[in-house]
Every structure is written in C-alpha cells, then in structure tokens.
Amino acid sequence: MSEALLQVRNLKKHFPIRKGVMRRISGQVRAVDGVSFEVGAGETFGLVGESGCGKSTAGRSILRLIEPTAGQILFGGKDIRKLRKGQMRLMRREMQIVFQDPYASLNPRYTVRQILEEPMIIHSLFRSPAERQKRVAELLETVGLSASRMDRYPHEFSGGQRQRIGIARALAVDPKLIIADEPVSALDVSVQSQVLNLLDDLQKQLNLSYVFIAHDLSVVKHISDRIGVMYLGQIVELGESDQLYENPLHPYTQALLSAVPIPDPEARRERIILQGDLPSPANPPKGCYFHPRCKDCMEVCRTQAPEWKEVKPGRFVACHLYD
Amino acid sequence: MSALLEVSGLTTSFLTASGYLPAIEDVNFAIEKGETLGIVGESGCGKSVTSLSIMQLLSSNGKIQKGSILFEGKQLVGLKDTSMRKIRGNDIAMIFQEPMTSLNPVHKIGKQIGESLRIHRGLNKEQSKQKAVDLLKLVGIPRAEDIADEYPHRLSGGMRQRVMIAIAMACDPKLLIADEPTTALDVTIQAQILDLMRKLKAEREMSIMLITHDLGVVAEMCDRVVVMYAGKVVEQGAVRDIFRKPTHPYTIGLLSSIPRLEDRQQRLSSIPGNVPSIEVMPAGCRFASRCPHATQRCADDEPSLLSVTDNHQARCWLVDEKGVAV
C-alpha cells in the first residue's frame, strides 16, 4: 500500500447528555470511542456497521463537520485538528463529502449550476463566469448527466441523478479524498449499481481515495479494498475486504455476514441470529461491548475490554478469542 | 384447489391534475393456501398500491377502476365498508414498512394489540389484555407483561416490528400482507424478524404476501415471485425459475445489478436510464427504452404475459420469438 493519505488515530466523539434546569452534564454518549484506521491514495476504505454504531459520526468528525473530542486526524501528514478555521476551510478543498439522502442534501432553491458553482466560488477557483460554466458542464459530463440540464432545479431530477449531482459537487474542487456517507442506500438496486460504477470509474480517473460508509455489507464489500467493522463506537475488526469476508474473525462480523440474505433460493448456510438489540452507547456494557450478544462469550469478556491487535499482517481484531 | 386470493385484471388509478392515471394496470396473480408470494420491484412500480387495493386502504384520490379481487371466492371489489371491516385485520392482516410510525404513540402496546380482538372476537378488556400478553410472548418479546403496559416509544425498531406482527397475528389471519417489513431494520434484526415470520407461517399455515425490493429476502422467504415494473406484472413464476431462468430483460437486469457477497466481480452490470413516469407511459413495452433487446415491435406493441413454461410467464416478445410455448 502506498503512503497513507489519511491517518485516523484513536478518534473519539462524545456527546454530552444534559439534564435539569442548569443543563448539568449527566453523562456521555460515546458515539465514536477510539477509532483508528488509514486510507492510502487511490484506496477505498469501507466502514460498515448497523445504525447507531457511530459510522456516520466518525465520517463527519474526520472532516471536522462535527468537532471530535479526542484523537488525531492526519491528512497528508498534517494534523488537521490543530488547524484554525480559515486553514481548515482551505483543507476542505482536499476532502469532500457525499451525503446519503439525495433529496435533502441539495438546496431546492438553487439550480444545478448554482449548486456546483458554490464550492468553486468559496475556494476562489475558476474566477470568471465563463470558466465556471465550462467547469460545471465538464463536471456534469463526468458524472454522466447532460450539460444542457445545468439550469434546472434538483426536483426535476430522479434520485439517482440527484446523487450524481451530489458527487459532482464534491468533485468541483478537485479533492483527494471523498467521504461517502451511505451514498447509495436511498437508491433502487438498478440505479445503485449505476452510481457504484460511477464512483469506481471516478476513482480510477482521478486517483481518488474514498472512505465509504454503509450498512449494506454486499455494497461495502463490492467497492472497498479494506474494511473496518464498527460496533458501538469502536472498530472491532479490520482487514482486506476479501479476507474479511472469507474468514471473519470477530463473532460480530461472523453474525453480520451470516445475516445478509443471499439472492439465491438454493443457497443454504449456517445462520447466526443475534439475540437482543444494540445496547445504548450512553451506557455500554462492561468489558467487551459485544459480550451480551456474543455466542462465544467467555468469563474474561464480561470484565475486560479486549485489546486491539494485529493477528496477521494487515488484519486487526479486538476479541479475547485471539489472545 | 382454488386459490386463497385471486387478483385478476386489477387496475387502480389516482386522481391527479391530469385526470385519473393508473398506478397499476391489469395485475393478475393468485396466492395459494400456505404459500409465500413475493412481489418485487423498484420504488414506484406499484407493489404497495397493489397491497393497499387488496386491503381497500387506498387514499381518497385513488380507486379501483377495473378487475376483481377474490378472497376465498368472495369478491372484495365494491364490497361495503362494513363488510370489508370484518375481513380487514381478521382474515387479512397487514404489517407496514415503518415500525416507527405505524403504532399509535398515545396508546399502550397491550391495548393496541387487543383492539382487533375486542372488535372481531368480542373479547372484553381483561381477556384481550391476557391474549395480548400471549401474543407478545409468541413474537419473542421478553418481559411481555411489562411491555404490554408500555408505550411504543420505549421500544427499539426491531421490537416495534415484532409488536406490529403481534397485532397482525391477533385474529389468526389466513393471509398476511407484509409491505417491506424489514426495510427499515438492520440486517441482524432483519434476520430475527424473517426467522419469526417463517416460524409463524409454519405453525399457523397462513399465506404471506411479501412485498419487498430486496431480492435476497425473496430468495430466502418466498415460494413464488411476481416481478412488477412501472405498474405491470412483467414476470411471474416459482422462485427457483425466476432466479435460475429469469426471462424478462428487466428481471435479468435486476438480478445482475445486485452486488453479491460471494463473488469478486469487478464491475456491476446496470440497467441504463430511469423508470418512465406515470404521466407519459410509452405505447409499447414499458421497459423498451431501457432494454438491450428492444426492437421496433417492442416500441409499438405491448406484449401480454406469455407462458415460458406452465407456471412461468413473462411479458416480453422475446418469449414469443424464441418460439417457446406461447
């Protein structure tokens, strides 16, 4: 793997719970609780987990769209948490985000042209209107939309097309890294595959790095080079995507993989059905966070949190089974 | 053996600014006793309108314009409200997609489950409460007695969907219509709910009409499948035939555009373009503009459902041209 473009070290985001008239802090929701990973240039890192596991909060904290509580975020070797507001804004030219909901993430009162010009104006790129128009046309062609539709409003486009506009907006400032937060989960399968192929093509053309956040394991596996599986604010397992799927180590990863319905009526396999729900991140269980739902729970799991260790080169897991 | 539910020629339209426009047209299918039928398609293809038409829960601007819905030989189209009410929630029950919004937030869970028992079975308050607790146990809710006295906001999404299933199961329905029952849930919770539905179906010999866009769920749950596109049935057959020998180009496209866990394919195939809008439906085949095999005939004439084999039909001229039994 090439030199890491993004290094996230022990990232934490705790949200305070306030109570009473004085709004005293009475507890913490540990949405992200010590997440570390690296993304190389031109690489796709997938972050997968169920709702409430903190994957979106992690994505937004990396861009400092929400301010992290602790940890380091090194982008090109520079700790972006130390940057002042103005410097951070310059840094955002390099790192962009694509949101989940293509219906809510585009301003309905702006035309597509205005939506795509805005980041250029903010970052003082393509200063003349003619240059900007040329760039908008170029961007639309890149994402597979006709440039002749640039003066239309978002509501005139379908969901898949809107997501393409969202991607074009992220590309407008020529970033190195795109954080894609559930970019295809609002789309139908046939349209979803169009957008996934587009992301793939763009990566090859522009040597982009992606942090791809999603709950759909088949989608994450398809697009990612390496994957981190999150549970309750922590990454429990990390590895090359094929290896992780062929030989999941953590009991949670095993359960997650076995729960995905296979689109083949004759496929039969062992299914691990997890009992119960995700515990609240405000009051996580003692020891290993997963132990109340784990089929391989041992005595030590109830009291001691497992360490994050490299069991094979490039393969990390946090589980007492591998002590 | 006659089918439990037989839908034929069903056309449901909605009043819009440009008059009544059909959301589904000429929909035909049947559900046998004890069978799980999957209805698959992408958003806007009419799968929910089909289920709402059967339940007669269409909004005021929608109406069934043509066709018949026979349930145990009884015609449901045009049935009086009072008679329909006796069937709804009793013989035919429904679970909806959104467990967060389909429960009433101001009533206790026990009361909501007991409602249909009081109405359809004439149970009194205590009896219905007791039955509600039994039903909560049936769907695997721990501390059923306590939960019956809680309000819905105290439960997680998966638990609420279990409550919805308990409500649907209250009167031992013969047909359960499940409209995207697991779409709003996480995969591990989805596995729990599907497992529960399979168990209940086996115990009670009911039929399930499962509406979903997830082909994985269809493959695991269903005996037969109806594929819908732009308001029409484009293919139907046994689940094995649909997955092994898909015939309609839309079904083929749909099946090949899902990323699969077990494969290492580099590129997904996708269906170009978008679903046509309800206002400007093409004259010929509705899939023609996105179909790789489209010919002039497809643009001009709409194919009817042609038989591929005895129990497998596809709405495609290719079936005709290949000379397969028409």
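**A close look at one strand**

Modeller: Let's take strand 8 of chain B, residues 207–212, which is mostly covered: six of its six residues are buried. Keep in mind that this is a predicted model. Which residues lie on each side of the strand? On one face you'll find Ser207(B), Met209(B) and Ile211(B), and on the other Ile208(B), Leu210(B) and Thr212(B); every one of them is buried, so both faces are covered, given that a residue counts as buried with 20 or more other C-beta atoms within 10 Å of its own.

Now for the strands it pairs with. In general, strands of a sheet pair through backbone hydrogen bonds, and they can do that parallel or antiparallel. Strand 3 of chain B, residues 36–40, runs parallel to strand 8 of chain B, and five bridges join the two. To find the spot on screen, look for Ile39(B), which stands opposite Ile211(B). Strand 7 of chain B, residues 175–179, also pairs with strand 8 of chain B in the parallel sense, over five bridges. Here Leu175(B) stands opposite Ser207(B). How does the chain get from strand 7 to strand 8 of chain B? The path goes through helix 7 of chain B, residues 187–204, and this β-α-β crossover is right-handed.

Strand 5 of chain B is joined to strand 4 of chain B, residues 62–71, by two bridges, and the pair runs antiparallel. Leu70(B) stands opposite Gln75(B) there. The loop between strands 4 and 5 of chain B holds Glu72(B), which has a positive phi of about 50° although it is not a glycine. That's worth a second look, since most residues other than glycine have a negative phi. Is Glu72(B) buried, exposed or partly exposed? It counts as partly exposed, because it has 14 C-beta neighbours inside 10 Å.

Arg23(A) is not a glycine either, and its phi is near 50°, a positive value. You'll find Arg23(A) in the loop between strand 1 (4–19) and strand 2 (24–40) of chain A. With 9 C-beta neighbours inside 10 Å, Arg23(A) counts as exposed.

The C-alpha atoms of chain B fill a box of roughly 65 × 50 × 45 Å along the principal axes.

Last stop: where the chains meet. Here 31 residues of chain A are in contact with 36 residues of chain B. On the chain A side, the elements giving two or more residues are helix 6 (189–206), helix 7 (217–223), helix 8 (241–246) and helix 9 (251–259). Helix 6 of chain A gives the largest share, six residues. By type, the chain A side divides into 15 nonpolar, nine polar and seven charged residues.

Conventions. Residues are numbered from 1 along each chain as its sequence is written. Chains are lettered from A and ligands numbered from 1 in the order in which they are written. This is a predicted model: local features need pLDDT of at least 70, side-chain atom pairs count only at pLDDT 80 or more; totals for chains, interfaces and linings use all residues. Two residues are in contact if their C-beta atoms, placed from the backbone, lie within 7 Å. Helices (H or I, at least four residues) and strands (E, at least two) are DSSP runs, numbered from the N terminus. Ala, Val, Leu, Ile, Met, Phe, Trp, Tyr, Cys and Pro count as nonpolar, Asp, Glu, Lys and Arg as charged, and the others, Gly among them, as polar. A residue is buried if 20 or more other C-beta atoms lie within 10 Å of its own, exposed if 12 or fewer, and partly exposed in between; C-beta atoms are placed from the backbone. Two strands pair if DSSP finds at least two bridges between them. A crossover is right-handed if, with the strands pointing away from the viewer, the path from the first strand over the helix to the second runs clockwise.
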